[in-house]
Amino acid sequence: MGPHIVSAFDDDLIAVQARISEMGGLAEDMLSSALEAVKNRDPQLANEVIMRDKRLDALEMQVEELATRVIALRQPMAGDLRLMISALKMASTLERIGDLAKNIARRAVYLASVRPVKVSTSIVRMGTQTLGQLTEVLDAYTSRDTDLAVSIWQRDIEVDEMYNAIFREVVTYMMEDPRTIGLGSQLLFIAKNLERIGDHTTHLAEMVYYIVEGEPLGDDRPKGEPIGLEGL
Amino acid sequence: MTNMRMTEKNLKDRENKISAKGVDVFYGDTHAIKDVDVNILNNTVTAFIGPSGCGKSTFLRCLNRMNDTIDIARVTGQILLDGDDIYDKSVDPVTLRARVGMVFQKPNPFPKSIYDNIAYGPRIHGLVNNKAELDEVVEKSLRRAAIWDEAKDRLDQPGTGLSGGQQQRLCIARAIATAPEVLLMDEPCSALDPIATAQIEELIDELRQDFAVVIVTHSMQQAARVSQKTAFFHLGVVAEYGDTNQIFTNPVDKRTQDYITGRFG
């Protein structure tokens, strides 16, 4: 696409996309640090993650303001319109990813205060997978790579399956020793947060696809069966 | 939000009112329209958009043979109205124009009373038998053009005394007084303020219940708001023709994309 006749329009579009990229980078960084805090039992790093969420919230507000202004003043059409609508949705999705990362960090503070457990490593592995997909979807956004977006979208089932495995593992653990129920619940919440981040990542992939192709990716994404509901 | 609701309706069952096939227009040596195929559906607003000089008005004027009035203009190809060739020798252009009415860019009321502006068409085409019938046609046309309330107490006053927006609605009332089947509008709102524009747009949507409406507009937002079908003209050809919703959210042709997003150099 060439430049707009009104060059200030281009500046606005670039500004919105730059904010989205910044939000993406920040959310990615928060998740990565939160996982590190879980792995290394580092409450200080966890607290830093909690602080960084404020910046992400502020950026979301900025994207909303900018995109609303562009829609009101410039009446974007076609690809430009899709970009603005997607920016609004992506900003709110990235903000939620940030919230979930912050929640993981909060639980990391707790985990650091109790005795280490074996399940933490499975969770860190699941976290690495989730983080990898988030990084990839942000790359797909920057390079407008729909093939990559579709592949991430299809791969979320792996995260779902990891979640189910962790769920079973932690429940077994809690049944063996009821004194670990408090700790086990924290681990389940972390795993659930990661699973939600995976879902949000597929939503970002759908947005990338929509921006480029102008049509929705569809809703027949391969999904893991929610644990405990099999056969219902 | 009448417009939105109407846009959602299914276009598939609408029948063709006008089918244009392989239409070329020449002004002397200038080849203004090149091999254009467009269908105008009944009860549908079709918008023609495109940069200045792309041929959209020229093509619009082919649909009721307004180009006949230009000596050097030559039209080839086929334009069928309900299956009949409008360029056939047996077709009287005046009768054709009563069936395919037109509203122009600038309001152009006759220098006559409001009443006579509307009564002129039905009188010369012999559509009414007596004064009572004529009164009825005048009132009905003014009502349908949403100007009755403003005009009913001053029917004997000159049409030129109305405001710009009122004059344009008067011209629309005049165009529909002959009970046309198709209404052609060449930038009907370009001289109007936003309120008058909104009134005309609301009116266009109402008129669609009975006519096929074709509108040429430079306002992309207007095309998006009022039409269900859009044809994008570029350098005398139709670059893209499709559902308005698709043209404005996901155009296929690169030229359409560039134009509607404001990227035309």
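1. How many helices and how many strands are there in chain A? The model under discussion is a predicted one, and in it chain A has six helices and zero strands, so that, read from the N terminus on, its elements follow the order α-α-α-α-α-α. With a radius of gyration of 19 Å, close to the 17 Å that the globule rule gives for 232 residues, chain A is as compact as a globular protein of that length.

2. Along the principal axes, its C-alpha trace spans about 70 × 40 × 25 Å, and buried residues make up 49% of its 232 residues. Of the contacts in chain A with a separation of 6 or more, 83% are accounted for by residues 24 or more positions apart. The accessible surface of chain A comes to about 10900 Å², and 54% of that surface belongs to carbon and sulfur atoms.

3. Chain B contains both kinds of element, namely 11 helices and 10 strands. Its radius of gyration is 18 Å, close to the 18 Å that the globule rule gives for 265 residues, and chain B is therefore as compact as a globular protein of that length. Taken along the principal axes, the C-alpha atoms of chain B fill a box of roughly 55 × 45 × 35 Å.

4. In chain B, 52% of the 265 residues count as buried, and among contacts between residues at least 6 apart in sequence, 68% join residues at least 24 apart. The accessible surface of chain B is about 11900 Å², with 50% of it belonging to carbon and sulfur atoms. There are 31 positive and 36 negative side chains in chain B, and the centres of the two sets lie 2 Å apart.

5. Helix 4 of chain B, which covers residues 114–124, has buried residues that include B:Ile114, B:Tyr115, B:Ile118 and B:Ala119; B:Asn117, B:Gly121 and B:Pro122 are also among them. What covers the buried residues of this helix includes helix 5 (131–144), helix 6 (148–151) and helix 7 (164–176) of chain B. Helix 4 of chain B is followed by B:Gly126, a residue whose phi is positive, near 60 degrees.

6. Two residues other than glycine in chain B also deserve a look for their backbone angles. B:Arg65 has a positive phi, near 60 degrees, and lies in the loop between helix 2 (56–62) and strand 4 (73–81) of chain B; with a relative accessible area of 11%, B:Arg65 is buried. B:Asp82 has a positive phi near 50 degrees and lies in the loop between strand 4 and strand 5 (84–85) of chain B, but B:Asp82 is partly exposed, with a relative accessible area of 39%.

7. Why is B:Cys62 too far from the closest cysteine sulfur for a bond? The structure holds zero disulfides over all chains, and the sulfur of B:Cys62 is 13 Å from the closest cysteine sulfur, in B:Cys54, whereas a disulfide needs the two sulfur atoms within 2.5 Å. B:Cys171 is likewise in no disulfide, since the nearest cysteine sulfur, that of B:Cys189, is 12 Å away and the cut-off is 2.5 Å. As for burial, B:Cys62 counts as buried at 0% relative accessibility, and B:Cys171 is buried with a relative accessible area of 2%.

Methods. Residues are numbered from 1 along each chain as its sequence is written. Chains are lettered from A and ligands numbered from 1 in the order in which they are written. This is a predicted model: local features need pLDDT of at least 70, side-chain atom pairs count only at pLDDT 80 or more; totals for chains, interfaces and linings use all residues. Side-chain values use heavy atoms; hydrogens and water are left out. Helices (H or I, at least four residues) and strands (E, at least two) are DSSP runs, numbered from the N terminus. The radius of gyration is taken over C-alpha atoms; the globule rule is 2.2 Å times the number of residues to the power 0.38. Buried means under 20% relative accessible area, exposed over 50%, partly exposed in between (1.4 Å probe, protein chains only). Contact means heavy atoms within 4.5 Å. Accessible areas come from the Shrake-Rupley method with a 1.4 Å probe; for residues, only the protein chains shown count as cover. Lys and Arg count as positive and Asp and Glu as negative; His and the chain ends are not counted. The place of a charge is taken as NZ of Lys, CZ of Arg, CG of Asp or CD of Glu.
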